[in-house]
Amino acid sequence: MTACIVPATLRDLSYIAANLRPEDRAEIDCQLDHWSPALLALTALQGFAYVAELDGNPEAGFGAAEQRSGLWIAWSWGTRRMKRCVPRITEFFHTVLGPQVAARGAWRVEARALAANDLALRWLGRLGATQRCLLPGYGRNGEDFFLYDWTREGWNHVSVSKTTGTEAIAAGADDQGRRCQGARGGIAG
């Protein structure tokens, strides 16, 4: 089973959001007062948004969106099968998503994770994020979160000179996604 990365669609993200693994549902529940799978999916389509598929089925959504000039927020959530996609998402993050965000002038990319979500905390560390601080009571019911970030100064693997080919890299990822066949028959248009 190989994970394929494809551009996100509302349909795929809605499916993933409706079938979230418990850790991701808990993290979303304590950050948003009222949400639905369709609303979460629609919000995720801002900025860069991708889906990891296994056997043609959408299993994880991830991406980054600009909050203001130079500040981006990275996000990810998935189904119970997301763990199988993590190695491919990690590779894609370093080769495509990171350079895309850097090419858009990001100085800082932030991610927040529920302090009780050990999987997310470990993965953010593997992605090269720096744990900056505890956010006590950040959740709507008083849950603690950790703030992680990547800054331009810390992006040893992403230099501005390397980001000039970002469009070609992204196009290559799209082409790879078109070759992924499975239950859905490839990318939905």
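Which residue, with a positive phi, follows H5? In this predicted model, where local features require pLDDT of at least 70 and side-chain atom pairs count only at pLDDT 80 or more, totals for chains, interfaces and linings use all residues. Residues are numbered from 1 along each chain as its sequence is written, and side-chain values use heavy atoms, with hydrogens and water left out. The residue that follows H5 is Gly128, with a phi near 90°; helices (H or I, at least four residues) and strands (E, at least two) are DSSP runs numbered from the N terminus.

Within H5, the buried residues are Ala120, Leu121, Trp123 and Leu124, where buried means under 20% relative accessible area, exposed over 50% and partly exposed in between, with a 1.4 Å probe and protein chains only. Seen down the axis of H5, these buried residues fall within an arc of 165°, so they line one face of the helix, the arc being that of the directions from the helix axis to the C-beta atoms. Their cover includes H2, E4, H4, E5 and strand E7 (145-151).

The largest pocket holds about 880 Å³ of space. On a 1 Å grid over the protein atoms alone, a pocket is an open set of points where a 1.4 Å probe fits, with protein on both sides within 12 Å along at least five of seven lines, and lining residues have an atom within 4 Å of a point; grid points are joined across faces, edges and corners, and a volume is the space filled by probe spheres set on the points. Of the 35 residues that line the largest pocket, Ile73, Ala74, Trp75, Ser76 and Trp77 are the closest to its centre. The largest share of this lining, five residues, is supplied by E4, and by class the lining comprises 24 nonpolar, seven polar and four charged residues.

The second largest pocket, with a volume of about 160 Å³, has among its lining residues Arg21, Met82, Lys83 and Trp123. Here the largest share of the lining, five residues, comes from H5.

Ala44, which lies in helix H3, counts as buried because its relative accessibility is 7%. Leaving aside neighbours within four places in sequence, Ala44 is in contact (heavy atoms within 4.5 Å) with Leu13, Ala49, Trp75 and Trp77. The C-alpha atoms of Ala44 and Leu10, which are 34 residues apart along the chain, are separated by 8.8 Å. In helix H1 (residues 10-18), Asp12, Leu13, Ser14, Ile16 and Ala17 are buried, and what covers them includes H2, H3, strand E2 (48-54), E3 and E4.

How values were computed:
Nonpolar A, V, L, I, M, F, W, Y, C, P; charged D, E, K, R; others polar.
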